[in-house]
Amino acid sequence: MSRDDDVVLVISNAPDLLLAKRIAHVLVEEGLAACVNLGAPVLSIYGWQGEVQGDAEIPMWIKTTAGRRGALMEALARLHPYEVPEILVLPVLDGAAPYLDWVRAQTRGNEP
Amino acid sequence: MSRDDDVVLVISNAPDLLLAKRIAHVLVEEGLAACVNLGAPVLSIYGWQGEVQGDAEIPMWIKTTAGRRGALMEALARLHPYEVPEILVLPVLDGAAPYLDWVRAQTRGNEP
Amino acid sequence: MSRDDDVVLVISNAPDLLLAKRIAHVLVEEGLAACVNLGAPVLSIYGWQGEVQGDAEIPMWIKTTAGRRGALMEALARLHPYEVPEILVLPVLDGAAPYLDWVRAQTRGNEP
């Protein structure tokens with residue numbers, strides 16, 4: 001299996017559910033993600049210009065392949081209103097073979 | 001530490017909380033998982049037969065070892081109503097030593 | 001990029017939101033974490049002294065670097081009421097470069 005075919009988990013956050021849905025729709029429609037889970041709101045606590053801030057955000061767990069992650073991150077950054085959106089790619093060690101194959105098929109660039 | 005002893009994080013989703021609880025109970029009772037976190041409902045957006053679909057699901061974060069992941073994935077697939085359930089295994093790089101040891105002890109095959 | 005500069009995702013759970021907020025504040029203020037997401041309550045199912053137990057917990061997703069993970073785990077264990085708190089460190093394969101750089105800058109030891 002070439003590295004490009006490895007399934008990966010991309011995590012990010014959107015400022016609200018409406019935008020999270022839009023991002024998820026575009027990523028799936030464009031064959032960049034097989035599936036996006038939009039979680040219940042989280043409270044994000046972070047440092048910004050010397051102050052500890054807290055914002056409500058919608059977590060997004062995005063399943064794609066290593067080979068598609070570059071195009072996915074580009075689309076996510078383009079669709080995201082933040083200047084510096086959180087986008088992290090986590091490696092997947094193993095999984096249910098039919099599911100891994102489904103993710104690969106869904107992100108091979110053809111329609112969903 | 002043999003690779004089998006590495007702790008891993010398995011993520012999956014169940015169609016509803018009742019089933020998620022049942023799956024979690026069986027995995028812990030059978031010593032296949034040390035702990036299962038059942039999250040608040042997520043909205044899963046994915047492509048299916050040319051359409052973008054959206055379903056509510058319960059996320060499951062399952063802590064076990066690399067050595068038990070095969071038996072766990074088999075049990076999870078057996079208990080799960082979907083034909084192709086999402087089951088992904090993420091590597092764990094490090095962690096609090098007492099917790100890692102507890103996960104190993106809980107999944108060595110003896111009762112919880 | 002030295003391994004210490006690799007961004008990692010640390011996951012843990014707190015017994016309630018108030019404590020989760022306090023832990024998150026301290027980790028960010030002390031430059032041990034760039035950002036902490038506090039999720040909606042999860043139901044944690046686990047085995048304890050022969051019984052399957054269930055507790056409500058607040059999930060915490062903590063973004064930091066590999067180099068800071070030791071000090072972060074120490075602080076988290078010190079602040080946490082459990083004798084054996086769940087603390088797992090997941091590797092990050094890739095991500096949006098500006099975000100990765102922001103995490104590194106935030107955890108270089110200076111104020112948030």
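1. A:Ser12 is buried in this predicted model. The relative accessible area of A:Ser12 is 2%, and buried means under 20%, so the residue falls within that class. A:Ser12 belongs to strand 1 of chain A, which covers residues 7–14.

2. The surroundings of A:Ser12 deserve attention. Leaving aside residues up to four places away in sequence, A:Ser12 touches A:Ile58, A:Pro59, A:Met60, A:Leu76, A:His80, A:Glu86 and A:Ile87. With regard to A:Glu86, its backbone oxygen lies 2.5 Å from a polar atom of the A:Ser12 side chain.

3. The next point concerns two helices of chain C. The axes of helix 1 (residues 17–29) and helix 2 (residues 69–79) of chain C come within 10 Å and cross at roughly 150°. Helix 1 of chain C passes helix 2 of chain C in a right-handed crossing. On the side of helix 1 of chain C, the contact is made by C:Leu19, C:Arg22, C:Ile23, C:Val26 and C:Leu27; helix 2 of chain C contributes C:Leu72, C:Ala75, C:Leu76 and C:Leu79. By class, this contact has 8 nonpolar residues, 1 charged residue and no polar ones.

4. How are chain A and chain B related? Chain A is superposed on chain B by a rotation of 120° with 0.0 Å of shift along the axis, at an RMSD of 0.0 Å. The two copies are therefore related as by a three-fold rotation axis. Within chain A, the residue that comes closest to the rotation axis is A:Ala40, at 3.6 Å (C-alpha).

5. The copies meet through different surfaces, because only 14% of the interface residues of chain A are also interface residues in chain B.

Conventions: Residues numbered from 1 in each chain as written. Chains lettered and ligands numbered in written order. Predicted model: local features only at pLDDT ≥ 70, side-chain atom pairs only at ≥ 80, totals over all residues. Heavy atoms only, no water. Least-squares fit on C-alpha atoms with pLDDT ≥ 70 in both. Contact = heavy atoms within 4.5 Å. Axes fitted to C-alpha atoms, helices over the stretch in contact; angles between N-to-C directions. Helix = DSSP H or I, 4+ residues; strand = E, 2+ residues; numbered from the N terminus. Left-handed = near helix turned anticlockwise from the far one by under 90°. Nonpolar A, V, L, I, M, F, W, Y, C, P; charged D, E, K, R; others polar. Buried < 20%, exposed > 50% of the residue type's maximum accessible area, 1.4 Å probe, protein only. Polar contact = N/O pair within 3.5 Å; in protein donor to acceptor, adjacent residues only side chain to side chain.
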